[in-house]
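Hi everyone, thanks for coming. Let me put the structure up on the screen, and then we'll walk through a few parts of it together.

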Amino acid sequence: MVLFAAVGVVLAVTTPWNPLPGRVPGGHVAPDPALDFTPAQIERSRAFDAALAPPAYAGLLIGLALVLVLGLTPLGARFVGWATARVRWWPLRVAVAALLLTAVVRVAGLPFDAWSESVLRRYGLSTQSWASWLTDQLKSLGITWVIWTVALALLYVLVRRLPRWWWAGAAAGGFLLVVAASFAYPVAVEPLFNRFHSLPAGPLRSELLAMAERDGVPVTDVLVADASRRTTALNAYVSGFGSTRRIVVYDTLLKNTPPERVESIVAHELGHAKNDDVLHGTLIGALAVSGGICLLYVLLTSPRLQRRAGVDGGGVGAARSAALVLALVTVATQVGAPVQNLISRHIEARADAHSLDLTRDPVTFVSMQHELSVRNISDLRPDPVEYVLWRTHPAGPQRIAMARDWARMHGVPEPPPLNRR
């Protein structure tokens, strides 16, 4: 309760609930897709979202149903018990249990992932072959298996050594694991999916590094990811912190995109770096994980829940309880996702405001957001449920409206509507 209260207080105090503070002369601009997007673009966005929604909802429901059946009935414990019956060394039993459970869940979701991939291909967003796509699925499964194996092995070590106090050690260990994973992710995981090279020397590189210097953000390099191997979408991001922090732009962004638009989106990423958003998000997430582990202790030691899951005979520290742990963690993650998304949207809006403050060019910002929305076929009128469940960024029209608010507040020409009839 103390840990969750601490997370709530930190989020309430540090989240930029009003990323663009101050009075807007003439009032706030209302987001309106019709101002900047043609009817054809709006309809394409709606149709694309309608095509992606069925596999997304179906995959979510099937995945949750599967982990709940495995974890909250004796079926999962029996399955793990049968699969590990001849494995004598308990850490290997844990690894086998983690592999089988993560594989079952991934295979169950594979048809829906393939369905989504076919939609991306139909709309020209995916450039992958099916063989390459399947390879990525296997890589993702391998990473998931490693994470679950390490987490479960450490958890069961503590349960065996500290049967009454394992939650304290697990909470501290969970905190450290989250921080370590976030630190190592850019150099340990990202290279498994993309190749990176430094942005070539030239006017664009010089301007981006000069902009970072003006912003007071220590950036020694800007990396380019070979995203075109998989997608035609545009993107850039910041990952890692400390010595592993990196600013990455997709190679698709550098093709046929005017330099001033690239500068606008990199200025957004510099906002994340300047505010240490990755580090702060990591620490808040680690604190939440610690609180979640304490809650996990309460649930795992419940005799009623153990009986329901069929693990009352082997105890919490047995590999048979892996399915129960998976179910509880999955449910907790899904419950926490809307809160994460809400916080993320405000942090992204603050980075947008930073981009506008740094470039002082709302016209280019609007044209960049328009290009991102059209090229990525972003949802221009998000469904409220999808907005809560999955949206980590404000919708394109909201970001464009913020740029017009910024222009009014700073007395610069307001970007005109792009959809002039």
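So, to start: which residue follows H17, and is its phi positive or negative? It's Gly411, and its phi is positive, near 65 degrees. Keep in mind that what you're looking at is a predicted model.

Let's stay with helix H17 for a moment. It covers residues 396-410, which makes 15 residues. From the first C-alpha to the last, H17 reaches 21 Å, close to the 21 Å you'd expect at 1.5 Å a residue. H17 is also mostly covered, with 11 of its 15 residues buried. Among them are Arg399, Asp405 and Trp406, along with Gly396 and Pro397. And what do those buried residues pack against? Four helices: H2 (33-36), H11 (259-274), H14 (322-359) and H15 (362-375).

Now for the record. An unreviewed UniProt entry annotates residues 67-195 as "domain: CAAX prenyl protease 1 N-terminal". In our model that stretch is 84% helix and 0% strand, and its end C-alpha atoms sit 34 Å apart.

Next, the aromatic rings. How many aromatic pairs turn up in the whole structure? A search finds 8. Take Phe48 and Tyr123: their ring centres are 5.0 Å apart and their planes are at 65 degrees, so we call the pair edge-to-face, as the angle is over 60. Phe48 belongs to helix H3 (residues 39-72), while Tyr123 is in the loop between H5 (90-122) and H6 (130-161), so this pair ties together parts that are 75 residues apart in sequence. Phe48 counts as buried because its relative accessibility is 6%, and Tyr123 is buried too, at 18%.

Then there's Phe79 with Trp82. This pair is stacked, with 6.3 Å from centre to centre and 25 degrees between the planes. Both residues lie in helix H4 (residues 74-83), 3 residues apart, or about one turn of the helix. Here's the handy rule: an α-helix has 3.6 residues a turn, so residues three or four places apart point the same way.

Trp165, Trp166, Trp167 and Tyr297 are linked by ring pairs into a cluster. We also have arginines over ring faces: Arg121 lies over Trp130, 4.0 Å from the ring centre, and Arg160 lies over Trp90, at 4.5 Å.

That's my tour, thanks!

Technical notes:
Residues numbered from 1 in each chain as written. Predicted model: local features only at pLDDT ≥ 70, side-chain atom pairs only at ≥ 80, totals over all residues. Heavy atoms only, no water. UniProt positions renumbered as here; feature names shortened; annotations may be inferred. Helix = DSSP H or I, 4+ residues; strand = E, 2+ residues; numbered from the N terminus. Expected span 1.5 Å × (residues − 1). Buried < 20%, exposed > 50% of the residue type's maximum accessible area, 1.4 Å probe, protein only. Contact = heavy atoms within 4.5 Å. Phe/Tyr/Trp six-rings, centres within 6.5 Å; stacked < 30°, edge-to-face > 60°. Lys NZ or Arg CZ within 6 Å of the ring centre and 35° of its normal.
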